[in-house]
Amino acid sequence: MQEKVKEPSSEFEYVGHRPDRPDGVDKVTGRAKFGADLAMSGQLVGKVLRSPHAHARVRAIDTTAAEKLSGVKAVITAADFKDQPSEFIPAGEMMINYRDVVRNVMAREKALYEGHAVAAVAATNAAIAKQALKLIKVDYEVLPHVIDVVEAMKPGAPVLHEDLYTAGVDPAPKTPSNVAKRLEFVLGDVTAGFKQADVVLEREFTTKPVHQGYIEPHACVASVSEDGQADVWVTTQGHWIVRAHCARLLGWDVSKVRVTSSEIGGGFGGKTVVYLEPLALALARKARRPVKMVMTREEVFRASGPTSGAHVRVKIGARKDGRIVAAEAELKYQAGAFAGSPVQPGAMCAYAPYDLENVKVVGYDVVTNRPKVAAYRAPGGPISEFAVESVIDEIAGKLGVDPIEMRLKNAAKQGTRAAYGPKFGPIGMVETLEAAKAHAHWRTPLKKNQGRGVASGFWFNIGGETSVSLSLNEDGTLSLTAGTPDIGGLRASLCMMAAEELKVPLDKIRVQIGDTGQLSYNFLTGGSRATFSSGMATVEAAREVKKEACKRAAKLWELPEDAVEYTDGAVRPAGPNAGKHNPMSLKEIAGIAGKTGGPIAGYARINAAGAAPSLATHICDVEVDPDTGKVSVVRYTAIQDAGRAIHPSYVEGQYQGGVAQGIGWALNEEYIYGDDGKLQNPGFLDYRVPVASDLPMIDTVIVEVPNPRHPYGVRGVGETPIVPPMAAVANALADATGVRFTELPMSPPKVLKALDAARANGAAKI
Amino acid sequence: MAKHHVTATVNGDTVEFLCDAQETLLDCLRDQLGLTGTKEGCSTGDCGACSVTVNGRLVCSCLMLGVEANGKQIGTIEGMARGSELHPLQRKFIEHAALQCGICTPGFLIAAKSLLERQPNPTETEVRYWLAGNLCRCTGYDKIVRAVLDAAAEIRGA
């Protein structure tokens, strides 16, 4: 059943091979232009004044002195943005509410976190802009703040929004609180299920907010002409989204705003929202000069969205043979300053890898005085699945069942009904587990102070609105324009799918990412959808080109259209009755396009349906330093179902990158707040992401259970890889030490403290 | 405030620029000379995206003032290829898919070149520790380390 990637794929001429990416040279020579790399003539420098307080009422802002400073061309505050009504709108994997978006880009009544924007200036240079910020007087009434999710849920906690009443509880509450929403997914009857259990285990977990950590800070350049034509150059995962948000916040027609996406220096979900863009446009409109804004790294940490920190309780009951009979989870996710944590997807994912009869998951979306969370790679999933995969591992240990066998016994398959509703089509959970069991890593003996852990993970993946155009040029070459920013090899994958369809060499197709004026709507690069959706649209556009090429030949040969077919890069008469005509190459068809009906192009505008989940199983070996508590990952294998790997190297790269981020989440990364509600580690020195010397090589196995709803079988692959690592590391650490860790990150001081405690009562293995 | 006049050699060419006393070499390269291949990720010397060489030594250009470049030889990513021929490291980064988003790539290439000039036959561990000052959030470093080791072998003629 399991197909591994053949090297190279024998099935296709291009798909499944490993050609050089078409944008490779630009990216190794410094030629590629990222967000901060564009300068418009006459541009000003924009800077943001940010709240020094975690929670404060903004009583008044006096910008007079700043406006008078020589070189200052514009100053803006919340007064420059119209208020927006409260309304939740689906936005891919997250929800947005413009009432909150307008408040997050610029504080109105209150500053809700340290770093919250309160004003912005545009000046002729950075030094003047910084000086102007110092001249803005903000009258704050400092309010009590709350940072921790459990504290924020307690009665009497400082309330962030006086108009926030918990949704999803009956009867509706009469007083406002920080709990924005309660949600529940139920399948079967857990109370009855737990009665059948031979063993029941309940554990509580905490995770810290972690930042996506893209190396490129947010950056944009905006200009607005005297007649209201606006242009934005920006590093973003979705320029149509930037256009929609900016037009809405500024009250402009969508057609007035043209957004061009620069090359993007990492996003991982964090560049799916707006921060600087509406400010730059508002400043540019006021100043009538282009305005460039670039965040500092400190601003990225203090003011852009990490993912939620959380408190999670998991209770699982199983029979002696390892079959799970009941599973419960309670998830409390921090949303940051505004409602909208990823608790819903977290709740949906929690038990999704398993075929269970009795499941109950309850989730809470909780606001705290922190930056509003943004999507981060499989938003919500890694948190709930860390807890579930840890408890499954511990139960397997108690029952003496092999942890892979325990998962196989409970694995979701085609036809399994997930607790959150749908029945799965073909999915690769069993295949990844079998591949793990068969992998040499699983059987290799461990050394002293080492332990091995295994964990699985699930992510949905999405499709959505997508447009692609493919023009046949007059010399037979092709220009492909897609609208989802290329964040890690998309151009290569699209080029390969187009080449496969048309049977033309890769170097005859040039792929560009179009701006918002060049294509109809595109949803963003997120939800692991770019290769899936833009790939599907590319295939459709290529098939349109083929069809049109046949039509032109039919015209020339005076045949009915269905008497011409496109094979091996040429049109030829189909069947014995079509007469004798020499095949015509795409180049020849291109040459006669003008005479046979005009330019030839394919244009696909689709709502890509049929996205399919990707499942993974990871194996991790750690080594623990018994004297310092430092945990090192010494071997790692990531096994995941890709559906089909279009370019295996970039699929492997997604697996490896997700693992590295997951290891950082597991061992090092966390937001550290002082009692004053201020972030104490807003830089890469103290917020330590994994570096090359922290990691081993990361082995990968690409399992292929094709997605029947995609022309090449593609599932998304980008997000699932970050789901298993936290539990894989925790399970390995438990194996090495005999101590179960339930709090992230498992940093040296915490590990040492737990080891010392365990040694004192004889429970430690080292 | 009067600006300072700086004369330096960048990628073999003599350049002159005016800069404020507090401007970093990174600012000068990007804003005065238009060499935007060198990236700013943190401005505190923690991410390595702004790596350049100064008189052959690997430096975070965000930690050096523009005025300090006076009379110095600066090497940036724009000077790494020879005409239309990519440096073996550049070629190997593409071949090994050692980049995803590409923002850290110029810094990694400059740092890796600097390593291979000192140690043409590094071990995997040496590569990992030499590159520990360069952050990549996309790749997990696996393919970067392989690309550097492969380029080293090619340069050695192994």
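Modeller: The core, a helix pair and the chain contacts follow in turn.
Modeller: This is a predicted model, in which local features need pLDDT of at least 70, side-chain atom pairs count only at pLDDT 80 or more, and totals for chains, interfaces and linings use all residues. Residues are numbered from 1 along each chain as its sequence is written, with chains lettered from A and ligands numbered from 1 in the order in which they are written.

Colleague: Which residues touch the most other members of the largest nonpolar core?
Modeller: They are V232(A), L279(A), L283(A), A498(A), V729(A) and L733(A), out of 308 residues. Such a core joins buried Ala, Val, Leu, Ile, Met, Phe, Trp, Tyr and Cys residues through C-beta atoms within 7 Å; buried means 20 or more other C-beta atoms within 10 Å of the residue's own, with C-beta atoms placed from the backbone.

Colleague: Which helix gives the largest share of this core?
Modeller: Helix α16 of chain A (residues 530-557) does, with 12 residues; helices are DSSP runs of H or I, at least four residues, numbered from the N terminus.

Colleague: At what angle do α15(A) and α16(A) pack?
Modeller: The angle is about 30 degrees, and the axes lie 9 Å apart. The pair is therefore roughly parallel, a term for angles under 35 degrees.

Colleague: Now the chains: how many residues of chain B are in contact with chain A?
Modeller: 42 residues of chain B contact 42 residues of chain A, a contact being C-beta atoms within 7 Å. α2(B) gives the most to that side of chain B, with 4 residues.

Note on methods
A residue is buried if 20 or more other C-beta atoms lie within 10 Å of its own, exposed if 12 or fewer, and partly exposed in between; C-beta atoms are placed from the backbone. Helices (H or I, at least four residues) and strands (E, at least two) are DSSP runs, numbered from the N terminus. Axes are lines fitted to C-alpha atoms, for helices over the stretch in contact, and angles run from 0 to 180 degrees between N-to-C directions. Angles under 35 degrees count as roughly parallel, over 145 as roughly antiparallel, 65 to 115 as roughly perpendicular and the rest as oblique. Two residues are in contact if their C-beta atoms, placed from the backbone, lie within 7 Å.
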